[in-house]
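Please look through the structure below with the following walk-through at hand. The text begins with the whole chain and then turns to single elements.

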Amino acid sequence: MSEHGHEHHHHDHCCCANLFGCGDEKGTGIIREDIKDAGFDKRASDRLLHMDEVNQETFDGYLSARGRWRRTFLKASGFMAALAAVEPWFAKLAHAEGPGSSTTSSAAAGRVHVVPSTKETVRLGVFDANLSPVLTIDSGDILSFPDTWSHFLNEMQPGVPVDKLAQLRTSNPGRGPHSIIGPVAVNKAEPGDVLEIRYQTLRPYEWGAVFNNPGSLGTGLLPQDYAQGQIKYVDLDLQAMQGKFMPKITIPLKPFQGTFGLAPPDGYFPPLSPGVTSSVPPGPHGGNLDLSELSEGSTLYLPVWKPGGLIYTGDSHAVQGDGEISLTALETRMKEVRVQVILHKQKNLAWPVAETASHWITLGLDKDLNVAMTLAARNTIKFLAAQAKISELDAYALCSIAVSFRVTQVVDIVRGVHAMIPKTIFAPDLRREMMMV
C-alpha cells in the first residue's frame, strides 16, 4: 500500500511500550485517511493513546503465594522446566521440527506446515514489519501451531533478553506481553487481496486462568471498583468441554485464538518504532479481535495490507464472554491450532469479516465504543446491501429487527462491536449466492 503522502505521528511511550492500556490517555491521533474512508464515512479521527508508567511497587506487593493452582499452572505451562533447562525445553517444544517443516496433507488442501512456538518464531507484544517471514506457504496450505505460549508469566519464557522484558512487561504477576507467532507469508498475496482463514483445530491444555489487574493500573472495565487484583486458575475438563470455575459453577468451553491477523497497514496505529506497532489494539488487519465466535469450524476473512500478508496468531483462549470485562478471557495454551489459508485475489475488503455455520459477522472497531457501534452498523448495512442485493434503507431496517449487535471486548485500547447476521433469515438460494469471496 503506498503512503499517499500521509504524515506519521510519533509519541513518547511509557515503559510498557503501549501494550496493556495502563494509565491515563493523552494525545490526539491519526488514522490513515484512505483506509478510513474505504471502511466508513468521514468522522473525527482519534489517536490510540499512550499510557503512563506502571508502579513497580504495586505489582511487587501483589506477588503472593497461590497454592496448588499456581503450582499446577506453572508445571502445565512448562515454565518450571524452562527455568531449569532452557535448551532441552526448546527441543521438546519443537518436537524436533523446525519452523516450516511440512508433510503432505491427505486432502487436496495442500501441505501442512508446523510452526512451533520458540524464541525464533514468537514476538512479544508487537507486529514487526522489519522481520523476514519464518516461512512462506501457498494458498490452500495448512498451518499447525503446536504448544502455543500463553500470556502468563512470559518473563519466564526461555531465550527472552532481560532488557526486552523490562521494556515490554507491566510487572503483572499474571499477564505478560502479548505472545504472537509469526510472521508467515503467503505466496502471491498483495494489498487488495483477502486471506480466508479456516479454523480446523483448536485444542487447549487442561488449565486456564482469568484475572484482573490491581485497580491502580486502570485496566479492565471497572478498575475504580476493585483496587485488589486477582488471578483465578481453572481446571478444564476437555472430555466434557467444561471449566471448573468453582464448586457448583462450570463454564462451557469454546476455544479460540484471541489474536489472528496480518501485518497492519502503515500509519493506522502510531508506530512504536519504524515498522513496529503494538499487537494489542485490533484494526483493519484483524489482530487482537478477541472475537469468541472464531471457534473450530469458523472462518475469518482478512484484508491484505502488505506483500505476503504476513500472518500472526496468539492469545489462546479456552472461552470468553462478550465484553471480556475484567481484562482477560480464560487464558490458556493450545496443544494445537490448525488453520487452512486460502488466498483470494483483489477482493478489496476494507474490514475483517467472520463466518460461522449459522451467522455472518461484521465488525466495528474504535477507541470510542459508540463509534465502534456506528461502524459495525454501517459495515453491516454495506454487507447486506452488497451480498443480499437490497437497498441500504432496507438493510438498515433489517439490521434493526434481525441482526444482534454485541460488544466484542472493551479492554484492548480499541473497543469492538460485532454484528451477528443470522443465515436462516435468507432463502436457501439467496444464502448460497451470499458468498463472502
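The model shown here is predicted. Its protein chain contains nine helices and 22 strands. Of the 437 residues in the chain, 57% are buried. Among the contacts in the protein chain with a separation of 6 or more, 77% are between residues 24 or more positions apart. The chain exposes about 17800 Å², and carbon and sulfur atoms supply 53% of that area.

A residue counts as buried when its relative accessible area is under 20%.

Which strands pair with S7? One of its partners is strand S3, residues 122-124, which runs antiparallel to S7 and is joined to it by three bridges. In this pairing, Leu-124 has Ser-179 of S7 as its bridge partner. Strand S5, residues 135-137, pairs with S7 in the parallel sense, over three bridges. Here the bridge partner of Thr-136 is Ala-185 in S7. Strand S17, residues 311-317, is joined to S7 by three bridges, and these two strands run antiparallel. Val-184 stands opposite Ile-311 in S17. As a general point, the side chains in a regular strand alternate between the two faces of the sheet.

A loop residue can be looked at in the same way. Thr-356 lies in the loop between strand S19 (353-355) and strand S20 (359-366). Is Thr-356 buried or exposed? Thr-356 has a relative accessible area of 14% and is therefore buried, since the cut-off for burial is under 20%. Leaving aside residues up to four places away in sequence, Thr-356 touches Glu-293, Ser-298, Ile-361 and Lys-423.

Leu-222 is found in the loop that lies between strand S9 (207-212) and strand S10 (230-237). With a relative accessible area of 34%, Leu-222 is partly exposed.

Key. Residues numbered from 1 in each chain as written. Predicted model: local features only at pLDDT ≥ 70, side-chain atom pairs only at ≥ 80, totals over all residues. Heavy atoms only, no water. Helix = DSSP H or I, 4+ residues; strand = E, 2+ residues; numbered from the N terminus. Buried < 20%, exposed > 50% of the residue type's maximum accessible area, 1.4 Å probe, protein only. Pairing = 2+ DSSP bridges. Contact = heavy atoms within 4.5 Å. Areas by Shrake-Rupley, 256 points an atom, 1.4 Å probe, with all protein chains shown as cover.
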